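Me: I would like to learn how to read a few features of a protein model, one after another. Could we begin with the charged side chains and go on from there?

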Amino acid sequence: PESCPDLCECSEVAKTVKCVNRNLTAVPPDLPPYVRNLFITGNRLAPLPAGAFPAQRLPDLSALNLSGNHLEGVEAGALAALPALRQLDLSGNPLVSFSPQAFGEGGSPLEELALRGALRDHGVVLSLAAMLQSGALRNLSRLELADNGLVLLPVGMFTALPALRQLDLSNNSLVGLRNVSFQGLGQLQSLNLSDNSLSMLRNGTLAQFRSLPALRHISLGRNTWVCDCAIEDLVAWLKESDQVEDKEALTCAYPDKMLGKALLKISSSDLNCSVPIDLPSQLQTSYVFLGIVLALIGAIFLLVLYLNRKGIKKWMHNIRDACRDHMEGYHYRYEINADPRLTNLSSNSDV
């Protein structure tokens with residue numbers, strides 16, 4: 001029988017090795033090659049370096065649990081030498097770096113990835129998005145991103161996951177799904193969006209939900225739904241769709257007059273939405289009104305001129321006389337300056 005690393009418990013029959021709460025700072029180098037299920041949890045691992053798992057030494061390792069290890073980073077190539085890896089759990093680690101090349105250049109057969117409470121740093125979210133978009137995890141069928149305080153998701157984060165069946169985004173702080181595209185997730189069956197800060201879902205997002213043939217379980221509970229005119233599309237979709245499993249429990253959070261009201265019981269009269277005016281007609285009306293106002297101002301101006309025509313005529317005469325006097329003065333001085341005799345005479349007079 002293969003030897004078992006110190007501080008670990010091994011079962012060759014169950015193909016399992018457990019190194020739990022042993023204050024380990026690195027992955028034991030002498031793991032038995034028969035292991036299929038490896039639990040290294042509750043320790044104090046340093047950043048997981050390249051070659052953390054020796055090449056060709058663990059050919060059958062399919063389930064790896066590294067949760068709760070105070071792990072801050074996963075470097076490039078750290079998980080590349082695990083050809084049979086199907087399940088990876090990194091939950092509960094304060095990750096600040098996650099290399100997009102962590103699984104190597106050729107990708108990984110990984111099917112399940114759990115990152116619950118491990119993506120509190122925004123840079124890690126961007127690194128994970130880059131990894132997913134690169135196609136390195138095209139076989140992924142289950143992705144757990146709950147409890148991470150996510151507010152917005154990177155654009156196109158899930159576009160290269162054609163095999164994804166379960167996506168858990170619960171217990172975050174998502175305020176919208178405007179940047180999120182679910183196109184291409186033809187096998188998606190379950191989507192958990194509960195316990196977020198969603199106030200509405202836009203018609204484009206609802207259209208994506210309708211277009212996914214396998215999507216039958218959507219969780220939307222405990223979100224802060226704002227029940228105004230913008231929520232009409234969501235209410236209409238809830239009433240016609242059988243995809244939302246908890247839709248009877250969805251209630252309004254704002255405004256106060258709608259607090260606690262079930263979304264399924266909302267009608268157009270509750271929202272008090274006026275029929276929108278056609279924009280070209282509205283602009284035409286504005287132009288007509290502007291023309292009337294300008295015509296009225298012009299008429300008043302002409303009327304004022306007419307009533308004060310005598311005063312205006314007298315004022316014009318006064319301005320003309322004043323201008324003429326000034327011009328005569330300038331002409332007289334010009335003649336004096338131009339004639340040398342007059343200039344000398346003027347100078348002698350001054351003396």
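Me: How many salt bridges does the structure hold?

Reply: This is a predicted model, and within it there are 8 salt bridges. One of them joins R116 to D168, with the closest N and O atoms 3.6 Å apart. R116 sits in the loop between β8 (112–114) and α1, whereas D168 belongs to strand β10 (residues 166–168), so this pair ties together parts that lie 52 residues apart in sequence.

Me: Are R116 and D168 buried, partly exposed or exposed?

Reply: The reading rests on relative accessible area, where under 20% is buried, over 50% is exposed, and the range in between is partly exposed. R116 counts as partly exposed because its relative accessibility is 31%, while D168, at 15%, counts as buried.

Me: Which parts of the chain does the salt bridge of R210 and E240 link?

Reply: The side chains of R210 and E240 meet at 3.2 Å, N to O, and the pair links helix α2, which holds R210, to helix α3, which holds E240, across 30 residues of the chain. With a relative accessible area of 42%, R210 is partly exposed, whereas E240 reaches 57% and therefore counts as exposed.

Me: What is the separation of the closest N and O atoms in the salt bridge of K261 with D270, and which residues are joined into one network by shared partners?

Reply: In the bridge of K261 with D270 the closest N and O atoms are 4.0 Å apart; the cut-off for a salt bridge is within 4 Å. K261 is partly exposed at 29% relative accessibility, and D270 is likewise placed in the partly exposed class at 26%. As for the network, salt bridges that share partners join R116, R142, E144, D147 and D168.

Me: Turning to the nonpolar side chains, what should I expect in general, and which residues have the most contacts inside the largest nonpolar core?

Reply: In soluble globular proteins, nonpolar side chains tend to be buried together. Here the largest nonpolar core has 83 residues, and F158 and F209 are those with the most contacts inside it. Two or more residues of this core come from each of β2 (16–20), β3 (37–41), α1 (122–133), α2 (203–211) and α3 (232–240), with α1 giving the largest share, 6 residues. If residues up to four places away in sequence are left aside, F209 touches L177, F182, L191, L193, L201, L215, I218, W237 and Q243.

Me: Where else does the backbone deserve attention, and which peptide bond is cis?

Reply: The peptide bond from Y254 to P255 is cis, with omega near -10°, and P255 is found in the loop between β14 (252–254) and α4 (268–271). Positive phi values in residues other than glycine include that of L7, near 70°, in the segment before β1, where L7 counts as partly exposed at 45% relative accessibility. H70, also not a glycine, has a positive phi of about 60° and lies in the loop between β4 (63–65) and β5 (73–74); with a relative accessible area of 43%, H70 is partly exposed.

Definitions and conventions: Residues numbered from 1 in each chain as written. Predicted model: local features only at pLDDT ≥ 70, side-chain atom pairs only at ≥ 80, totals over all residues. Heavy atoms only, no water. Core = buried A, V, L, I, M, F, W, Y, C linked by side-chain atoms within 4.5 Å. Buried < 20%, exposed > 50% of the residue type's maximum accessible area, 1.4 Å probe, protein only. Helix = DSSP H or I, 4+ residues; strand = E, 2+ residues; numbered from the N terminus. Contact = heavy atoms within 4.5 Å.
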